[in-house]
Protein chains: 2
Amino acid sequence: MIEPTDRGLTLGDGLFETLLALDGQLVDAEAHLERMAQGCQAVGLPPPDPGEALRVMDEALRAAGGDEGRFAVRLTMTAGSGGRGLDRPEPLRPVLFATAAPSARPEGPARLITSKVRRNEGSPASRLKTLAYLDNVLARREAAERKADEALMLNTRGEIACAAAANLFWEAGGRLYTPHLDCGVLAGVIRSKVIAAAAALGEPVRAVRAGTESLREATSAALTNSLIGVRDVKSIDGRALRPSSLLAEIARRAL
Amino acid sequence: MIEPTDRGLTLGDGLFETLLALDGQLVDAEAHLERMAQGCQAVGLPPPDPGEALRVMDEALRAAGGDEGRFAVRLTMTAGSGGRGLDRPEPLRPVLFATAAPSARPEGPARLITSKVRRNEGSPASRLKTLAYLDNVLARREAAERKADEALMLNTRGEIACAAAANLFWEAGGRLYTPHLDCGVLAGVIRSKVIAAAAALGEPVRAVRAGTESLREATSAALTNSLIGVRDVKSIDGRALRPSSLLAEIARRAL
């Protein structure tokens with residue numbers, strides 16, 4: 001249980017990672033811990049000890065019955081309790097914990113709508129998995145209200161950023177694109193693997209600062225995150241897209 | 001204690017209010033509860049029952065020994081536990097609780113620096129007190145590192161928005177200004193009282209969408225929030241300001 005004065009709860013002052021676990025094994029654990037460590041540096045928190053982080057995730061996974069099957073494991077680090085209002089206490093006493101739950105693959109390709117909630121590229125938090133994720137919750141809520149599966153988020157400059165809980169790739173004119181990290185985009189673990197697999201295949205992904213007009217030229221698109229892997233996009237704002245054999249081949253090599 | 005799966009903790013999915021209590025009495029409780037109810041509507045959460053909210057705040061205040069003196073009371077409402085990732089559960093089981101602690105008046109006028117962290121006017125959360133307050137924590141941290149007391153936040157359009165934990169007013173050419181709410185600004189309880197008191201004095205406050213050049217013409221400025229009331233600004237990015245007899249008179253009438 002968590003103290004009601006924990007700054008993760010009261011202020012969103014902390015970070016998280018979501019990992020896939022297959023038959024009791026964490027996938028890409030090193031990459032996730034490295035990203036959390038980089039996020040800690042960005043927000044001024046001490047990075048968790050990797051051994052301790054692995055231990056709490058493993059315990060949560062076992063406790064949830066995750067020795068077999070497909071599970072989501074979430075590692076959360078908060079700035080702990082204390083401090084006066086916004087100001088962190090000295091010394092900090094961060095809190096680290098994990099939870100785990102069964103995680104089914106999403107069914108079929110995703111319908112996207114463009115959310116009214118903008119991604120704040122003017123904050124370092126837009127490139128991190130922070131506990132201050134309400135914008136993403138609101139964007140996803142808008143998607144659900146409009147009978148869609150996911151929300152496409154633009155940044156405040158109107159550039160394509162990402163989905164509420166996934167990175168985005170698209171294919172146009174036989175070329176692959178993904179939003180540049182400085183558009184307010186998480187450096188997704190699967191995003192990196194897809195970019196590397198595409199490069200190895202001789203089909204480099206262009207990291208671009210692009211407006212929505214670029215998406216209107218897309219013939220295919222896909223979402224990526226650690227739980228879904230690579231998921232085709234069925235439509236964006238009602239405009240149908242078709243599955244991409246190129247993206248499917250890259251996904252096979254990346255995952 | 002709070003569950004580790006509470007969405008307030010994991011996603012910043014919730015709202016809060018910070019109230020002043022003087023000698024055991026909550027100040028402006030009705031205005032704070034009304035604002036939380038409006039915030040709930042904006043983010044799609046059911047508003048807390050006012051009687052229940054008053055009861056948990058009163059209990060927290062008594063438990064903290066707040067029958068005498070100056071206390072800060074914080075009311076927090078979270079979306080509770082449950083749901084799959086970003087998606088809220090049906091039915092929602094919101095969690096409501098309060099904490100209280102002694103709150104000294106800040107000493108002297110505030111030194112401000114302009115933060116690099118931008119306020120996201122493209123999100124409804126920028127106008128609400130949400131649990132996703134990490135941007136404000138980061139802005140305040142930047143202020144502390146630069147030996148200042150508070151951080152001035154611009155929005156992503158470069159307009160003046162607010163301080164990390166306060167609204168901003170300034171005087172220039174004998175006139176009073178404050179950022180317009182659509183600049184990504186909380187509708188502060190004290191902000192409203194200052195605007196009303198100024199109008200009653202025949203000195204209307206202009207709610208403006210203004211860039212930093214406007215602040216360079218300011219001769220005085222003040223921060224407002226429920227705990228500090230009205231606090232003079234000593235300097236912004238090293239440029240000294242002087243106390244304003246007009247703002248001081250308005251503060252006397254507003255509080």
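Biologist: What percentage of the 255 residues of chain A count as buried?

Modeller: This is a predicted model, in which local features need pLDDT of at least 70 and side-chain atom pairs count only at pLDDT 80 or more, while totals for chains, interfaces and linings use all residues. Residues are numbered from 1 along each chain as its sequence is written, chains are lettered from A and ligands numbered from 1 in the order in which they are written, and side-chain values use heavy atoms, with hydrogens and water left out. Buried means under 20% relative accessible area, exposed over 50%, and partly exposed in between (1.4 Å probe, protein chains only). In chain A, 55% of the 255 residues count as buried.

Biologist: Which radius of gyration does chain A have, and what would a compact globule have?

Modeller: The radius is taken over C-alpha atoms, and the globule rule is 2.2 Å times the number of residues to the power 0.38. For 255 residues the rule gives a value near 18 Å, and chain A agrees, at 18 Å. The C-alpha trace of chain A spans about 55 × 40 × 35 Å along its principal axes.

Biologist: How many helices and strands has chain A?

Modeller: Both are DSSP runs numbered from the N terminus: helices are H or I with at least four residues, strands E with at least two. Chain A has 7 helices and 13 strands.

Biologist: How many salt bridges are found over all chains?

Modeller: A salt bridge is a side-chain nitrogen of Lys or Arg within 4 Å of a carboxyl oxygen of Asp or Glu. The search of the whole structure finds 40. One of them joins R55(B) to E52(B), with the closest N and O atoms 3.0 Å apart.

Biologist: Why are R55(B) and E52(B) separated by about one helical turn?

Modeller: Because they lie 3 residues apart in helix α3 (residues 50-63) of chain B. R55(B) is partly exposed at 40% relative accessibility, and E52(B) is partly exposed at 32%.

Biologist: Which residue forms a salt bridge with E249(B)?

Modeller: The partner is R252(B), the closest N and O atoms being 2.8 Å apart. E249(B) is partly exposed at 24%, whereas R252(B) is exposed at 59%. In chain A, salt bridges that share partners join K116(A), E142(A), R146(A) and D237(A) into one network.
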